[in-house]
Amino acid sequence: MSAVVTLEGVNGVGKSHLGRLAAAALGPVCVPLVELPDSAPTGLPGQIIAALHSEGDRFLRTGHPGTETLLLAALQVHRHEALAPVRPGQVVLEDRGPASVAVYQAAVLAEAAAATDAWALERALAIEQMIRGWRPAPTTTVLVTNDPDACRARFERRTGQAASADERALMSRAGRLYHQLAAVSDGYVVLDRRLIGEADAVNLITGLCRDAAATTADGVAA
């Protein structure tokens with residue numbers, strides 16, 4: 001079983017930036033896996049993401065949340081099935097994994113049902129469990145957090161467009177669900193950027209990756 005370290009967090013938290021720095025520092029030890037919206041447009045994942053984007057929604061909402069959830073869950077499985085063999089001593093550094101689909105789709109489903117966060121957390125746990133049944137579960141999930149207003153501002157700068165009221169509500173709920181999911185799940189490490197600078201954050205991620213790469217599937221250091 002391949003070692004997988006997954007970076008998670010709300011839009012604009014800076015996890016992709018940290019992931020790129022960590023991958024560069026790790027060199028050949030690291031097998032980077034970009035998040036689904038950054039997939040090559042000519043491949044199957046890129047074509048499906050483009051189709052979901054066709055409605056113009058930045059959170060891939062087409063009005064059919066159940067179908068969207070199943071599609072995104074399947075892509076989480078496909079991206080690992082399509083990976084070249086990962087050698088012993090290497091680690092997959094994944095930008096968004098099962099928790100991203102679980103959290104954001106649970107938030108979308110809760111929005112459609114006018115449901116509570118408790119209801120959404122139950123759905124998130126079920127979606128995550130479904131995905132993990134078909135692909136490697138992350139060895140470690142790094143939840144990157146920061147001030148919500150700072151994350152939204154970064155997201156708006158990156159996209160060149162102010163977040164709408166419903167987007168702000170969705171990101172806020174996703175942030176809460178991430179913390180709730182981490183609190184009830186094993187294998188999560190919370191990296192709070194309000195307390196940890198960039199260099200230390202990268203060192204933390206690279207250390208977790210090296211630890212994962214040096215551990216066998218049985219959990220025994222090689």
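A residue is called buried when its relative accessible area is under 20%, exposed when it is over 50%, and partly exposed in between, using a 1.4 Å probe and protein chains only. The structure is a predicted model, in which local features need pLDDT of at least 70, side-chain atom pairs count only at pLDDT 80 or more, and totals for chains, interfaces and linings use all residues. Residues are numbered from 1 along each chain as its sequence is written, and side-chain values use heavy atoms, leaving out hydrogens and water.

**The sheet**

Helices (H or I, at least four residues) and strands (E, at least two) are DSSP runs numbered from the N terminus. Two strands pair if DSSP finds at least two bridges between them. Five strands form an open sheet in the order 2-3-1-4-5, with parallel pairing. Strand 2 (30-33) and strand 5 (188-192) stand at the edges with a single partner strand each, so one side of each has no neighbour in the sheet. From one strand to the next, the twist averages 20°; axes are lines fitted to C-alpha atoms, for helices over the stretch in contact, and angles run from 0 to 180 degrees between N-to-C directions.

Strand 1 (residues 3-8) and strand 4 (residues 140-145) pair in the parallel sense over four bridges. V5 has T140 in strand 4 as its bridge partner. Helix 1 (residues 15-26) packs on the sheet and touches strand 1, strand 2, strand 3 (91-95) and strand 4; contact means heavy atoms within 4.5 Å. The direction of helix 1 makes about 160° with that of strand 3.

**Buried residues**

T145 is found in strand 4. Leaving aside neighbours within four places in sequence, T145 is in contact with V13, H179, V190, L191, D192 and R193.

| Residue | Relative accessible area | Class |
|---|---|---|
| T145 | 6% | buried |
| C30 | 9% | buried |
| C209 | 0% | buried |

**Cysteines and aromatic rings**

A disulfide is a covalent bond between the sulfur atoms of two cysteines; here it is identified as a pair of cysteine sulfur atoms within 2.5 Å. A search of the whole structure finds zero disulfides. For C30, the nearest cysteine sulfur is that of C209, 5.9 Å away.

Rings of Phe, Tyr and Trp (its six-membered ring) pair if their centres lie within 6.5 Å; planes under 30 degrees apart count as stacked, over 60 as edge-to-face and the rest as tilted. The whole structure holds one aromatic pair. The ring centres of Y104 and Y178 are 6.3 Å apart and their planes stand at 75°, so the pair is edge-to-face. Y104 lies in helix 4 (residues 98-113) and Y178 in helix 7 (residues 165-184), 74 residues apart. Both Y104 and Y178 are buried.
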